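Please consult the sequence and structure shown below.

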Amino acid sequence: MNTEMLAQACKTLHLAHVMSNYDSVPFENRIDFLLAILQSEIQGRESSKMKRLLKRANFPHLKTFEGYNFEEVTFPNHCTEQSLRELAFLKHKENILMLGKVGTGKTHLAIALGMEACRQGHNVRFYRVSELVGKLLERHESGTLTRFHKELMKCDLLILDEVGFVPFHQTGAELLFHVISECYEQRSLIVTSNLEFGQWNSVFGDTRLTKALVDRLVHHAHILGFTGESYRLRHALSSVNS
């Protein structure tokens, strides 16, 4: 009966994690016991929130900073490995632009930063740019674009991966431009691309739109350069040689 009453009290108070932890907490005195129970509830809520944020972010796979090699990443002035890890850019609503050849670790680092942002309680969305443009076009045609925009704009960090792999038609380019414009100085963007800015016109197909888009991205941005050979190519070659 007491267990049922405890469960009901926890339900009333929205304490979702007490029932699964109370009988494993060592009982020394009332204060320590109550403190341990409340701490377990806090930890449980943080863990649940992290899971929700990661699911909502929609990362294609999970990556962390562990083992990441920053030696072949060129940092600009006023941006260091430490400030990047600490998400200083996110606090100031700045952008991170990652430029370099395919396979040099841009997506890995973008996801690791996104996961750290989730750990700190921020809302994150991850999209391969071609997939986002496809979704924007689909919502535009179905008349649900405004609602989708509102969902996007709830995030603190929007990650746009692989700019340059697929060229866009004019409508798709304009819809993406609108998203980036709405993010300007309101939330942070991380953008990865295998193209230099001078080549982006080949993707967006409109010189004026491309210039306006790059201007918004570069303002308040830290541009990271990625050098070296493709990680995947090096791994494949090492496997063959072994």
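Into which domains is the chain divided? The chain comprises domain 1 (1–55) and domain 2 (73–241), with bounds taken from an automatic or database domain assignment. The model is predicted: local features need pLDDT of at least 70, side-chain atom pairs count only at pLDDT 80 or more, and totals for chains, interfaces and linings use all residues. Residues are numbered from 1 along each chain as its sequence is written, and side-chain values use heavy atoms, with hydrogens and water left out.

**Domain arrangement**
- Taken over C-alpha atoms, the centres of domain 1 and domain 2 are 39 Å apart.
- Four residues from domain 1 and six residues from domain 2 form the contact (heavy atoms within 4.5 Å).

**Interface**
- Between domain 1 and domain 2, about 420 Å² is buried, and carbon and sulfur atoms give 73% of this area; buried area is the accessible area (1.4 Å probe) that two parts lose on being put together, summed over both.
- On the domain 1 side, Met 50, Leu 53 and Leu 54 lose the most area to domain 2, together 90% of what that side buries.
- Zero salt bridges are counted between domain 1 and domain 2 (a side-chain nitrogen of Lys or Arg within 4 Å of a carboxyl oxygen of Asp or Glu).

**Annotated region**
- An unreviewed UniProt entry lists residues 92–224 as "domain: AAA+ ATPase"; such annotations may be inferred rather than shown by experiment.
- Residues 92–224 are 50% helix and 21% strand (DSSP runs: H or I, at least four residues, for helices; E, at least two, for strands).
- The end C-alpha atoms of residues 92–224 are 17 Å apart.
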